[in-house]
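The following questions and answers concern the structure shown below.

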Amino acid sequence: MAFELPKLTYGYNELEPHIDARTMEIHHSKHHNAYVTNLNAAIAGTDAETKSIEEICKTISKYPAPVRNNGGGHFNHSLFWTVIGPNKGGQPTGKLMDAITNELSGWDKFKEDFNKAATTRFGSGWAWLCVDGAKKLCVCSTPNQDNPLMDVADTKGTPIMGLDVWEHAYYLNYQNRRPDYINAFWNVVNWDEVSRRYEEAL
Ligand code: MN3
């Protein structure tokens, strides 16, 4: 069963002005599509064809670089599209907000730590909010298309929110101003989905 590009549940223009339509279109239909195509080519005829993308990530050290790069790209973008959406932003409620308060020293400190992870990731990569092995929240970042599910990751956990900080995610609208893109991201976070992923990870 080949991997497929997931459909978005919203239009490319619906995240404006925070993320522009042209960036969304190229990011989803070109970049993510290329990861899917290249992943399928990289695993053709191997046992990875029978595995889920999560299973592949968890044992990624067994695979060659094209599977790591494109498999990570497929997992990361598939998650990313679901944790952003139109008319979102604000703050989470319930168990997730309680955990941010108790385990990450509160909303303001969490946002500061996440922004720092996203801003200071040199070159291309991702910032993450994860549930770690002790079922506690943690903030981290990964290079390239790595993610915290991977056995090669410095900080391991189940990612419940991710922010793509590759230049292709923001350059058309923000050019070199990555911090402006990171600030804009908070206006499109789909906290219902992040909360759902949080409770699933517990
Ligand atoms: Mn990307």
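Q: What percentage of contacts between residues at least 6 apart in sequence join residues at least 24 apart?
A: The model is a predicted one, in which local features need pLDDT of at least 70 and side-chain atom pairs pLDDT 80 or more, while totals for chains, interfaces and linings use all residues. Residues are numbered from 1 along each chain as its sequence is written, and side-chain values use heavy atoms, without hydrogens and water. A contact means heavy atoms within 4.5 Å. Among contacts between residues at least 6 apart in sequence, the share that joins residues at least 24 apart is 69%.

Q: Which residues coordinate the manganese ion?
A: Donors are N, O and S atoms within 2.8 Å of the metal (3.2 Å for Na, K and Ca); water is not among the atoms, so sites may look incomplete. Along the chain, the donors of the manganese ion follow the spacing H-x49-H-x86-D-x3-H. At 1.9 to 2.1 Å, the ion is coordinated by His27 (NE2), His77 (NE2), Asp164 (OD) and His168 (NE2).

Q: How many residues apart are histidine 77 and aspartate 164?
A: Histidine 77 belongs to helix α3 (residues 65–82) and aspartate 164 to strand β3 (residues 158–164). The pair links distant parts of the chain, and its separation is 87 residues.

Q: Are histidine 77 and aspartate 164 buried or exposed?
A: Buried means under 20% relative accessible area, exposed over 50%, and partly exposed in between (1.4 Å probe, protein chains only). Histidine 77 has 0% relative accessibility, and aspartate 164 also has 0%. Therefore histidine 77 and aspartate 164 both count as buried.

Q: Which residues does aspartate 146 touch, not counting those up to four places away in sequence?
A: Aspartate 146 lies in the loop between β2 (137–143) and β3. Its relative accessible area is 7%, so aspartate 146 is buried. Beyond four places in sequence, aspartate 146 touches Arg68, Asn76, Trp126, Trp128 and Val152.

Q: What is the radius of gyration of the chain?
A: The radius is taken over C-alpha atoms, and the globule rule is 2.2 Å times the number of residues to the power 0.38. For 202 residues, a compact globule would have a radius near 17 Å. The chain agrees with this, at 16 Å.

How values were computed: Helices (H or I, at least four residues) and strands (E, at least two) are DSSP runs, numbered from the N terminus.
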